[in-house]
Amino acid sequence: MKKIDIHCHVVAFPEFSTTRPNGQNFLSAEEQIAIHDKSGVSHGVLLPLISPEARWSCMSNEETQYVVSKYPDRFSWFCNVDPRQGNYTDKADLTHLIGQYKEKGAKGLGELTASLYADDPMMQNLFRSCVELDMPVLIHIAPQFGGTYGIVDELGLPRIEKMLKKYPDLKIIGHSQAFWSEISADNTVEIRGRCNKGKVKEGRLPYLMREYGNLYCDISAGSGSNAMMRDPEYAVKFLNEFADRVYYGADVCANIQTFQYDFLAFLEGLVNDGGLSQDNYEKIMYKNAEKLLGI
C-alpha cells in the first residue's frame, strides 16, 4: 500500500556535512530513498533545519529545494523560517519571505525548533504570516529552555492551546516527546521529555484534539511511535478517532536507526487484528498527506 513520510531530513551535499558528537551523520537524499524503498514509502516531505539550538549542522531551504529538484517524484518540501529572522522583532515582514518559498513550491513550514515560548510575540508574528499564506506549521515542542531544541511550552501545553484558540485557521502539526507525552494523564514535568512507557490514561492531548480542529499530529520518531506502541489498545482508539488529522512519518536521521520498520509492522498489525479500520489506516499512511500536499 502507498505510504507518504511526512517527516524527513536530508543533507544535499554529504561530502561537506559535519559529523555530530555521537559520530552520526544526517542522511543523504540517496540514503533516505533507500530507506523509503525498504519501508515501502513512495514519497517523503523534507523539513529544513535552520535554527541553531542543539543542532550541529543546519539544513537550508535552498539545499532542500535542490534535493527536491533532483528527485521531484520522491520528495516534496516544507520551508523553514526562524521567528527571530528579520532583525529579531515581532514586526518583521515574514509574510514576504514565506511567500517566496511558497511560490517555489513549499507546502508548509517546519520543522519549527526555535527556542522561544509558543506564544512569544515573534512566534505569533510567524503564525500570523502562515495563516495569511495558508501554510500549515509542523512544530517540535521542547520541555524547557536549554539542553534541547524546540518551541517551549509547559506541562499541559497551555501556550499551544492559546495559539490554537487565537489562530483557528492555523494548522498546527504537533511532534516531539513533550508533545506526545501529553497523550497520557500520568505525564509529569520530570518525564515529559522522554518516551514514556505503560498503559495510557487519557490525557491532555486527546482533549486538545477534540477541542481544536486545527490541531494535527505527526506520529514520527521515537516519540510518536512510542506513544502508539506503549498501549496498542489505546492506539486503536486514538487513531480511529483522529484519523483525519494524523500523518504517518518516520523522522529517520541516521542509517543506524531501525525503529521505523518495527513501527510499520505495528501499524499493519493493528489493521490485521481488526482494530484500526482499513479506511482510517489509508488516511494516516497517505491520504491525509496527499490532501495536504496537493498530490
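1. The side chain of His-9 makes a polar contact with the side chain of His-7, at 3.1 Å. In this predicted model, the His-9 side chain also reaches the backbone oxygen of Leu-47, at 2.8 Å.

2. As for its setting, His-9 sits in the loop that runs between strand S1 (4-8) and helix H1 (29-39). His-9 has a relative accessible area of 1%, so it counts as buried, the cut-off being under 20%. Setting aside neighbours within four places in sequence, the residues in contact with His-9 include Phe-26, Leu-27, Gln-32, Leu-49 and Met-59. Asp-251, Val-252 and Cys-253 are also among the contacts of His-9.

3. The peptide bond from Gly-110 to Glu-111 is cis, with omega near 5°. Glu-111 itself belongs to strand S4 (residues 109-112).

4. Two positive phi values come next. Leu-157, which is not a glycine, has phi near 55°. Leu-157 lies in the loop between strand S7 (151-152) and helix H5 (158-166), and at 1% relative accessibility it is buried. Ala-221, also not a glycine, has a positive phi of about 65°. Ala-221 is in helix H8 (residues 221-229) and counts as buried at 10% relative accessibility.

5. Now to a helix pair. Helix H7 (residues 204-211) packs against helix H9 (residues 232-241) at an angle of about 15°, and their axes are 11 Å apart. Because angles under 35 degrees count as roughly parallel, H7 is roughly parallel to H9. The crossing of H7 past H9 is left-handed.

6. Which residues meet where H7 packs on H9? From H7 come Leu-205, Pro-206, Met-209 and Arg-210, and from H9 come Tyr-234, Lys-237, Phe-238 and Glu-241. By class, this contact has 5 nonpolar, no polar and 3 charged residues.

7. Is Tyr-234 buried or exposed? Tyr-234, in helix H9, is buried, with a relative accessible area of 8%. Leaving aside neighbours within four places in sequence, Tyr-234 is in contact with Ile-183, Val-200, Glu-202 and Pro-206. Tyr-234 and Lys-201 are 33 residues apart in sequence, yet their C-alpha atoms are 8.8 Å apart in space.

Key
Residues are numbered from 1 along each chain as its sequence is written. This is a predicted model: local features need pLDDT of at least 70, side-chain atom pairs count only at pLDDT 80 or more; totals for chains, interfaces and linings use all residues. Side-chain values use heavy atoms; hydrogens and water are left out. Axes are lines fitted to C-alpha atoms, for helices over the stretch in contact, and angles run from 0 to 180 degrees between N-to-C directions. Helices (H or I, at least four residues) and strands (E, at least two) are DSSP runs, numbered from the N terminus. Angles under 35 degrees count as roughly parallel, over 145 as roughly antiparallel, 65 to 115 as roughly perpendicular and the rest as oblique. A crossing is left-handed if the near helix is turned anticlockwise from the far one by less than a right angle, and right-handed if clockwise. Contact means heavy atoms within 4.5 Å. Ala, Val, Leu, Ile, Met, Phe, Trp, Tyr, Cys and Pro count as nonpolar, Asp, Glu, Lys and Arg as charged, and the others, Gly among them, as polar. Buried means under 20% relative accessible area, exposed over 50%, partly exposed in between (1.4 Å probe, protein chains only). A polar contact is a pair of N or O atoms within 3.5 Å; within protein, one must be able to donate a hydrogen and the other to accept it, and residues adjacent in sequence count only if both atoms are side-chain atoms.
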